[in-house]
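Please find below my notes on the model you sent. They are in numbered points, to be read beside the coordinates.

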Amino acid sequence: MVRLENGLSLECGESIAPLEIAYCTYGNLSSARDNAIFICHALTGDQYVAEQNPLTGKPGWWARMVGPGKPIDTDRFFVICSNVLGGCLGTTGPTSVCAETGTAWDCDFPQITMKDIVAAQVKLIDHLEIGRLFAVIGGSMGGMQALTWIAHHSERVFAAMPIATSPYHSAQNIAFNEVSRQAIFADPEWHKGRYRDYGAIPARGLGVARMMAHITYLSEEALNRKFGRRVRQSGLSSDAFLFGEMFEVESYLRHQGSTFVRRFDANSYLTITRAMDYFDLSADHDGDLSVPFQKCPTRICVVSFSSDWLFPTTQSRTLVRALSRAGANVSFVEIESDRGHDAFLLDEPDFDRTVRGFLDGAAEHAGLRRGQG
């Protein structure tokens, strides 16, 4: 944890001070301080990328990718991952105490953008006295952060890998997020965002929001393979038919919802989903997506998955074309997978090889020696 007394000025015109950033690191920073990889987590992720989460007891969300000898090799690289601004696992967010009031921000937490989230990460990198990152890597919302890094801080990033993401949030994805938010607002325990004053949490609404979002992370093929139409119980009564856990997929979604509410805050969910909705790198350039990447020196590898309908390959191709128009050094890989958007979190050998190959190639061009960490 780092506490920065000067805080952070936000795009909305407000400021947050002090600013606290919770983060984890893996591996060793080289003497030249040139082997650091920053991993940006997705919407409901956290800084515990390669170690047990102390809140849930579960392994790190990308432990299969980050570690000694793994695709993101901590024998070679110094890996950093921080909880995003607006989060609820240590970095300043709605659950944090506002210095001016002495109470939690709750629903009064300022509206943030992806640029604000990355600006907080830049402050962390400055605190660690790292002038330039070797690489920034992120999937989904983490990919939005990676793109923000290279659009606004490209001189500080040698290589970047935006994965299963897009340079803007589509109308469809905004619609999904709005349904999730409305589920939270409709919960009787919402109390207009002041639920903690009542000793309550909008658990049902937040659980439904998670269930709805989780459907978008999977593909039809993955759902059919994992659950099909299998029934969890036999001997259906009339009550069970209407309200019971009739299908295995229903049980799975309810489990996802119930476990989520024990580790995530509703106001954080609202804050971060809104930041995703506002994300559009071309918005300030009359819709020309190539402009933010003009004169970008960063080596970039864009990765998509064939069955991802949340951030489909068409959006990745739009991004790659814009990067090419800007003259950026960009490569593109579409991974064949039937696992949907969440494929980047799962065991996909082709994806693993892509990550390892890109980082090894970039390290060679950067002149990084093996084992220097």
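1. The model is predicted, not experimental. Its secondary structure amounts to 10 helices and 13 strands.

2. On overall dimensions, the radius of gyration is 21 Å, which agrees with the value near 21 Å for a compact globule of 373 residues. Along the principal axes, the C-alpha atoms occupy a box of roughly 70 × 50 × 45 Å.

3. Of the 373 residues, 56% are buried. The exposed surface comes to about 16,100 Å², and carbon and sulfur atoms supply 49% of that area. Taking contacts between residues at least 6 apart in sequence, 71% join residues at least 24 apart.

4. The charge count is 35 positive and 43 negative side chains. The centres of these two sets are 3 Å apart.

5. Helix α4 covers residues 203–217, and its 15 residues reach 21 Å from first C-alpha to last, close to the 21 Å expected at 1.5 Å a residue. Its buried residues include Leu206, Met212, Ala213 and Tyr217, and also Arg210 and His214. Cover for the buried residues of α4 comes from elements including α3 (171–185), α7 (248–260) and α8 (266–278).

6. Leu310 lies 97 residues from Ala213 in sequence, while the two C-alpha atoms are 9.9 Å apart in space.

7. Helix α9 (residues 313–325) is 13 residues long and reaches 18 Å between its first and last C-alpha, close to the 18 Å expected at 1.5 Å a residue. What do the buried residues of α9 pack against? They pack against α2 (141–152), β12 (299–305) and β13 (329–335). The buried residues are Thr313, Gln315, Ser316, Leu319, Val320, Ala322 and Leu323. An α-helix has 3.6 residues a turn, so residues three or four places apart point the same way. Just after α9, Gly327 has a positive phi of about 80 degrees.

8. Leu359 sits in helix α10, residues 349–366. With 1% relative accessibility, Leu359 counts as buried. Beyond its neighbours within four places in sequence, Leu359 is in contact with Ile37, Pro71, Ile72, Phe77, Phe134, Ala135 and Ile137. The C-alpha atoms of Leu359 and Met161 are 9.1 Å apart, although 198 residues separate the two in sequence.

9. The peptide bond between Ala17 and Pro18 is cis, with omega about -10 degrees. Pro18 belongs to the loop between β3 (15–16) and β4 (19–21).

10. Ala164 is not a glycine, yet its phi is positive, about 45 degrees. Ala164 is in the loop between β11 (157–163) and α3. Is Ala164 buried or exposed? Its relative accessibility is 0%, so Ala164 counts as buried.

11. Lys295, also not a glycine, has a positive phi of about 60 degrees. Its place is the loop between α8 and β12. Lys295 counts as exposed because its relative accessibility is 80%. Thus the positive phi at Ala164 goes with a buried residue, and the one at Lys295 with an exposed residue.

Methods: Residues are numbered from 1 along each chain as its sequence is written. Side-chain values use heavy atoms; hydrogens and water are left out. Helices (H or I, at least four residues) and strands (E, at least two) are DSSP runs, numbered from the N terminus. The radius of gyration is taken over C-alpha atoms; the globule rule is 2.2 Å times the number of residues to the power 0.38. Buried means under 20% relative accessible area, exposed over 50%, partly exposed in between (1.4 Å probe, protein chains only). Contact means heavy atoms within 4.5 Å. Accessible areas come from the Shrake-Rupley method with a 1.4 Å probe; for residues, only the protein chains shown count as cover. Lys and Arg count as positive and Asp and Glu as negative; His and the chain ends are not counted. The place of a charge is taken as NZ of Lys, CZ of Arg, CG of Asp or CD of Glu. The expected span of a helix is 1.5 Å times one less than its number of residues.
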